[in-house]
Amino acid sequence: MVNFLMNKIAITGKGGVGKTTLSSLLAYLYQEAGYNVLAVDADPASGLSNALGFPPELVAAIEPVSEMDELIFERTGAQPGTVGGFFKLNPKVDDIPDRFSATYRDIRLLRMGTIKIGGTGCLCPENALLKALTTHLFMRRNEVLILDMEAGVEHLGRATAQSVDAMIIVVEPGRRSVGVMEEIRRLANDIGLRRLYLVGNKVRGESDQAFIRQIAEDLPVIGFLPYDPQVIEADLTGQAVYDIAPETVAAAREIWGKVSA
């Protein structure tokens, strides 16, 4: 085992853009280099286990934390689904990653589930537990953390932002990625998260790279992943992208070299 500085990476972007693919590849590249890795699926689509190649029976045994009603009540003092009222805003969470995760090929996986947003103002016990857990993961744990997020920063807060070593926004060549990227950047700036980086995915050539560099403006572009049918094949067959998409793995290795330096 090697000595290392803590590496806490949050990966976000619009749905279907490839953030889960990048999350899985970075997890395997860190593991390959001898690091302890905790991969956290905080995306409602919940596809990180598949991208990592976890066996279906193992995935079925990993319950999302947001759906653990008994645990939420035990830790917050309030029933899930209630809004307002009294509950603990800083519940005990330090045992959750080890108790409720699963390990495959030396990568530990935890499923967070969905933070509820909307008109309620998020004043519910489920969100209190998930936000406390996210803060613990970034500020207290000592392994490499790869957080596969939905398109936003709802899991993060001002206290957590200073502990995020890198937030990587994944985009693809197309205007639909731009609006989501700008919204993520605005939200990140609101909580004081300044270490933002861009990765282009599904890139077919130099024109796609040029487009992504143009829309990035002042955001550092740290790499590109190619359009790769093997990534689609991995999803269809339930194999890890890391195992069957060598071109994409090579591109991810260059990105990993920049974020792990």
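Start by selecting aspartate 43 and lysine 19: their side chains meet in a salt bridge at 3.3 Å, N to O (a side-chain nitrogen of Lys or Arg within 4 Å of a carboxyl oxygen of Asp or Glu). This pair links distant parts of the chain, 24 residues apart, with aspartate 43 in the loop between strand S2 (37-42) and helix H2 (48-51), and lysine 19 in helix H1 (residues 19-32). Helices (H or I, at least four residues) and strands (E, at least two) are DSSP runs, numbered from the N terminus. Aspartate 43 is buried, at 11% relative accessible area, and lysine 19 is buried at 4%. Buried means under 20% relative accessible area, exposed over 50%, and partly exposed in between (1.4 Å probe, protein chains only).

A word on what you are viewing: this is a predicted model, where local features need pLDDT of at least 70, side-chain atom pairs count only at pLDDT 80 or more, and totals for chains, interfaces and linings use all residues. Residues are numbered from 1 along each chain as its sequence is written, and side-chain values use heavy atoms, leaving out hydrogens and water.

Next, select glutamate 32 and arginine 253, whose side chains form a salt bridge at 2.6 Å, N to O. Glutamate 32 sits in helix H1 and arginine 253 in helix H12 (residues 246-259), 221 residues apart.

Now move to glutamate 172, which is buried at 14% and forms a salt bridge with lysine 202, the closest N and O atoms being 3.2 Å apart. Lysine 202 is partly exposed, at 30%.

Finish with leucine 236 in helix H10 (residues 229-237). Leucine 236 is exposed, with a relative accessible area of 67%.
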